[in-house]
Amino acid sequence: MNQRVLFSPNENVAYSNSGYYLLGKIIEKEFYKNYSDVLKEEITTPFKLNKTKSALESPNDVSGSYIFVNNTWNTTKDFYFKNIVGVGDISSNTLDLNTFINLLFDHKILSKETVSKMQPIIGKEKYGRGLMTFKFHNLDFYGNTGGTYGTNTILIFNKETKTSISLIINGERYPRDKFIDDIVDIVYNNELSYPEMSKTM
């Protein structure tokens, strides 16, 4: 409340963790249920996304987080995810992520009009209303990312080829965006340059 207003409504778009937390609270108020129950009833159960869960469900199959320091992988303490419900508390796997974004762009989860409103304008906006734009090797993708102290995730979708790619890392030694760059090369049959991994990388 003490921070200045960055812009007025409809003037600009910017990412905000607080905005997503607030949206989570709006969902709870609209459905008269907690966020976890709405997620299960509206998305994960009907679309069989069995590995996608809110932290409020206390999932027990979540990998730990690691950081590479002094040529050694070390466990790292991550967020207490029950404090950030609606912002970054959802755990998943790559199959569920790819299934989700394909369902989204097939307009099975939300209407075509709503998905269109979520998308930023390519060339004008980076952030939209739930989706971001990415460019890998001159190909345009929509999607989103997530990152904490020890995890890094990216999910992207190319509308022209209807191709989705997801990546979940629980210990980053090779930059996420470079990793996705290489995966895009493989998927689209581009020439792939293998990274040179040093001991200190």
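## Strand pairing and the sheet

Two strands count as paired if DSSP finds at least two bridges between them, and in this predicted model strand 4 (residues 139-147) and strand 5 (residues 152-158) are joined by 6 bridges and run antiparallel. Within strand 5, T153 is the residue that stands opposite G146.

These strands belong to an open sheet of 4 strands, whose order is 3-4-5-6 and whose pairing is antiparallel. Its edges are formed by strand 3 (132-136) and strand 6 (163-169), each of which pairs on one side only. On average, and with direction ignored, neighbouring strands of the sheet are turned by 30° against each other.

## Helices against the sheet

Helix 3 (residues 94-105) lies across strand 4, strand 5 and strand 6, and runs at about 145° to strand 6. Helix 5 (residues 176-187) also packs on the sheet, where it touches strand 3, strand 4, strand 5 and strand 6, and its direction makes about 145° with that of strand 6.

## Aromatic rings

The structure holds 7 aromatic pairs, among them the edge-to-face pair of F136 and F141, with 6.1 Å from centre to centre and 65° between the planes.

Notes. Residues are numbered from 1 along each chain as its sequence is written. This is a predicted model: local features need pLDDT of at least 70, side-chain atom pairs count only at pLDDT 80 or more; totals for chains, interfaces and linings use all residues. Side-chain values use heavy atoms; hydrogens and water are left out. Helices (H or I, at least four residues) and strands (E, at least two) are DSSP runs, numbered from the N terminus. Axes are lines fitted to C-alpha atoms, for helices over the stretch in contact, and angles run from 0 to 180 degrees between N-to-C directions. Contact means heavy atoms within 4.5 Å. Rings of Phe, Tyr and Trp (its six-membered ring) pair if their centres lie within 6.5 Å; planes under 30 degrees apart count as stacked, over 60 as edge-to-face and the rest as tilted.
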